[in-house]
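Work through the exercises below with the sequence and the structure at hand. Each task is followed by a solution in steps.

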Amino acid sequence: MTDLTAQRGLYAGPAPIVSKDLYAEVRTGSATRDRGSIRLDPGTKVSGNTYFGRFPASYWQRWTTVTEVSVEAVVTGTGLLSMGASDVEGEPRVIEAEQVTDVTQHKIALTGKLDKFYDGGALWLDLETEGGQTLRVEQVRWTVEAPDTIRPTAVTICTMNRADDCLKNLQALAADVSSLDTLDAIYVADQGTDLVESRDGFDQVVKDLGEKLHYIKQPNLGGAGGFTRGLYEVAGHTATAHANVLFMDDDVLLEPDLVIRMTAFSNRAANPIIVGGQMLNLFHPNQLHVGAEYARLNTLEPGQPVEHSLTTADLLGVDEETLKPNRQERRLDAGYNGWWSCLIPYEVVQATGYPMPFFFQWDDAEYSYRARAHGFPTVTLPGAGVWHADFHMKDWDEWHRYFNLRNSIITAALHSPFNLNLLSRVLLAQLVRYLLGMQYGLSATLIKAVEDFLEGPEVLRDGGVEAMKEIRRIRDQYPETKRHKATDVPGIASNDIGIINSAPPPSRTVVILLKRLLDQTRGRHRFGLGAVPADEAHWWHTSLFSTVVVTDANQDGVRVRSYDRAKTFDLAKRGVKVIQRLRREGAGAQARYQGAMPELTSRENWTRLYDL
């Protein structure tokens, strides 16, 4: 193999809900865009300066040994093909162009050097016809020089009771990229009771993928246990020294080309790196979730956008300040990447170990920060994207918040200065706001998370199975954790629930917080009953009610919060007590987690968890 396909030029998405403008934009005239080809009518201009059409030149110049890239295409008709480029400010220029006249199935190649993109910029293919000309372009691919040895990729999908979603992604892989030599295997760790193998289309997928598909049924060990199973299986083979493992969620809408893009990037990286894919919002398919992110470990804040990163950006829109199209021109350094799509070279596993048995939540961030400490950074690659359910439409007050809190504290203990005074203030502030908002189950969830952190690494012994059962049992004791239909709220007539909107955020937060605490303690409430939309359910507003019906962020129902003086004081007392324990005992717990990490992340520990 003399060249390596770095990405394909596509002109339509994997599903009708995806705008074709994410792949190629018709600037003037008329064009017919299909998945693998495009036909331009006379007097048409089409630009590939789009999210999926761009080649991320800045990232290739910074992280790989590649010095030039070619875009190849098969063309029929008459027209102009040009390789466009941008810089860190998004200013366009033309690198190379070729005019074709009355050709049939003619192969052309335009080549550009990767030498002016260090801080930012991309490459793309533009097409143009004039009056009386038509042009068909197909089989577009961006190629770079192949390495001496190709590192194949094994895709790992963790799934639990999302059989239809998982099957769709297997079908997409089978139809689009299964024939590639660089796709070595697909592992499915099925941890549910509604199994993927029960679906009608599964037998056909097995035939289509053949020996590449490895379907594994196992008990529910969460996302960490599911993803790690693929890593575990790949590492058990003798020929894994040059392998990549690509983690991928089961419920994403997959752009199969990301397998090609991430695999090629990893193959040509100057040194082994974790390659992350980007997330686009499934309910708003034109939106990029974030260009790159990091975590503030000591204050337990994941998902922080890196400076200059696009955030919840309309990829078909323009920046409100610059009025330029929303393109991520500037190269960004990520702290970690979510496991909706994330490629890990086997060298990283050899040096870093396996993921922590966290069950789920923070396993992706912990692994990236641990790998970074061993010299392996994480690079979030633009244009390698999948669509995942919008995070802002997931409710925070759920049982998984326990794992988010507990695992974030463990991660901070392992990879941050672990300032216990700062951490205690953060947790106390969260607790006060939860109690003011009458979220008693969420307050109990926080308390349990801190208690279990202080128990030490023994809480991770079973991979989180018992913790999941216990936190669900605890939360079940609190009525406001239960979801209802707005028309069927127990004890409250539907026509008695009117919306009462929130005031703006308080200018003097501490003063208002103290006032709300005092009013609640005295049993004073401005409103007896009311409804509050999800985006207005702030502590300073919900604390004004005796009973408040709050819409879930996922818009599937409502929760009823009612002030309970006894619960407030009991949870406040328990919460303050456990946070005081954290300040006293946190350093000792930190040392125990640090000491146990090699064993927790060992192959032997996962062998035990998988009961193999």
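Predicted model: local features only at pLDDT ≥ 70, side-chain atom pairs only at ≥ 80, totals over all residues.

**Exercise 1.** Examine the salt bridge between Asp-397 and Arg-475: where do the two residues lie, and are they buried or exposed?

Solution. The closest N and O atoms of Asp-397 and Arg-475 are 2.9 Å apart, inside the 4 Å cut-off for a salt bridge. Asp-397 sits in the loop between β20 (378-388) and α8, and Arg-475 in helix α11 (residues 465-475). The pair is 78 residues apart and links distant parts of the chain. Asp-397 has a relative accessible area of 5%, and Arg-475 also has 5%. Buried means under 20%, so Asp-397 is buried and Arg-475 is buried.

**Exercise 2.** Assign Glu-197, Asp-333 and Arg-331 to their salt bridges and state the exposure of each.

Solution. Glu-197 pairs with Lys-217 at 3.0 Å between the closest N and O atoms. This pair too links distant parts of the chain, 20 residues apart: Glu-197 is in the loop between β11 (183-190) and α3 (202-209), while Lys-217 is in strand β12 (residues 213-217). With a relative accessible area of 33%, Glu-197 is partly exposed. Asp-333 and Arg-331 meet at 3.6 Å, N to O. Asp-333 is partly exposed at 49%, whereas Arg-331 is buried at 14%. The structure holds 39 salt bridges.

**Exercise 3.** Describe the second largest pocket by volume, lining and residue class.

Solution. The volume is about 920 Å³. The lining has 32 residues, and Glu-89, Gly-90, Lys-324, Pro-325 and Glu-329 lie nearest the centre. Two or more lining residues come from each of β5 (45-47), β6 (68-86), β7 (92-113) and β8 (123-128). Strand β8 gives the largest share, four residues. By class, the lining has 13 charged, ten polar and nine nonpolar residues.

**Exercise 4.** Which residues are in contact with Leu-127, leaving aside its neighbours within four places in sequence?

Solution. Leu-127 lies in strand β8 and is buried, with a relative accessible area of 2%. Beyond its sequence neighbours, Leu-127 is in contact with Tyr-11, Ile-38, Leu-40, Thr-44, Lys-45, Val-46, Leu-80, Leu-81 and Val-137.

Conventions: Residues numbered from 1 in each chain as written. Heavy atoms only, no water. 1 Å grid on protein atoms, 1.4 Å probe; cavity = no way out; pocket = protein on both sides within 12 Å on 5 of 7 lines; lining within 4 Å. Points joined across faces, edges and corners; volume = space filled by probe spheres on them. Nonpolar A, V, L, I, M, F, W, Y, C, P; charged D, E, K, R; others polar. Buried < 20%, exposed > 50% of the residue type's maximum accessible area, 1.4 Å probe, protein only. Contact = heavy atoms within 4.5 Å. Salt bridge = Lys/Arg side-chain N within 4 Å of Asp/Glu carboxyl O.
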